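Please read this short report alongside the sequence and the 3D view.

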Amino acid sequence: MTFSQKVSAAVRAKKSPVVVGIDPRFALIPESLRAGVVEGDWQGMARVYQDFSCKILDIVAPYAPCVKPQLAFFEMLGPHGMFALANVIEHARSLNLVVILDGKRNDIGSTAEGYAAAYLGERSPWRGDALTINPYLGDDSLAPFVKTAEDCGAGIFVLVKTSNPGGGMLQDLEANGKTIYQHSADWVESAAAKFANLRGDQYGAVGAVVGATYPEQLAHLRTRMPHAWILVPGFGAQGGGVKDVLPAFDDQGLGALINNSRGIIFSYIRPEMKERYSENEWEAAVEDAARTMRELFIDVVK
């Protein structure tokens, strides 16, 4: 099964394009899980991150086909955090969730090959289904990731138009009649179309990251990259709404994966949720948020 086929099947099975970002932050995790652990106790914090993340996975699995562990939050705990991350990934895979590793990796030559081999595919050490990639080093740096993804049935998501306000510093610059993000998008489409045509898929193994915070560009980039899955951050806490992301979908409700991190995993601290759930009921708040987000898109996926 190709990456695109795997994602399409998961989205259709749950009638949901929701990606839940696994971004554990110690101060925001419910106090009941942090009891007896203080910041700087890396082993204890890693245990808290693992317990919290695995509970999140259990709760959201019926509503989200994909999860996106943010590597930085685990890396900041050192070796203990990396063991926790490995266990979180394994738990996600046991729940048949598509695992998108958010590390924004890249380099050149053998180093890029090393990153690709480390993170992509069931036989890799980290067993990621996909990895986010920074395109700044150019096409020769991207090629090892594409080859590895194609060889092992995994995918990559290339940063094209990111959701942060400062992204335009480089991405919106013009060169040879196009913005930098359009150049990136055209490379993504070329690579995605090549793979899709070889396998007879609608979409290829190469996708793009395009933020919900730029809805006009998102709509434009959907038409510019018809063979690419689009991973859409910026929904919810960063301001993106349903109307903003609808242009990212094709007429079957596929082609787009909508990420929500804080708005789901820390939903119990949202003002409207605090009126309904106590901190001890944080799991119910997470389920409510995940279910509600899935329902926003229930009529989109055909």
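Which side chain meets that of D288 in a salt bridge? The partner is R276, at 2.4 Å from N to O. A salt bridge here is a side-chain nitrogen of Lys or Arg within 4 Å of a carboxyl oxygen of Asp or Glu. D288 lies in helix α14 and R276 in the loop between α13 (271-274) and α14, so the pair ties together parts that are 12 residues apart in sequence.

The model is predicted: local features need pLDDT of at least 70 and side-chain atom pairs count only at pLDDT 80 or more, while totals for chains, interfaces and linings use all residues. Residues are numbered from 1 along each chain as its sequence is written, and side-chain values use heavy atoms, leaving out hydrogens and water.

**Salt bridges**

The salt-bridge rule gives a count of 14. Three of these pairs are listed below.

| Pair | N to O distance |
|---|---|
| D288 and R276 | 2.4 Å |
| K6 and D129 | 2.7 Å |
| R291 and E287 | 4.0 Å |

Burial is judged by relative accessible area: buried is under 20%, exposed is over 50%, and partly exposed is in between (1.4 Å probe, protein chains only). K6 is partly exposed at 25%, whereas D129 is buried at 6%.

R291 and E287 both belong to helix α14 and are 4 residues apart, about one turn of the helix. R291 is partly exposed at 29%, and E287 is partly exposed at 32%. Salt bridges with shared partners also join K6, R93, E122 and D129 into one network.

**Helix α14**

Helices (H or I, at least four residues) and strands (E, at least two) are DSSP runs, numbered from the N terminus. The expected span of a helix is 1.5 Å times one less than its number of residues. For the 15 residues of α14 (residues 282-296) this should be 21 Å, and the end C-alpha atoms are 21 Å apart, so the two agree. Buried residues in α14 include W282, V286 and M293. D288 is also buried, with a relative accessible area of 6%.

**The barrel**

8 strands close into a barrel with parallel pairing, in the order β1-β2-β3-β4-β5-β8-β9-β10. Two strands pair if DSSP finds at least two bridges between them. Strand β3 (residues 98-105) pairs with β4 over 3 bridges in the parallel sense, and L101 stands opposite L131 in β4.
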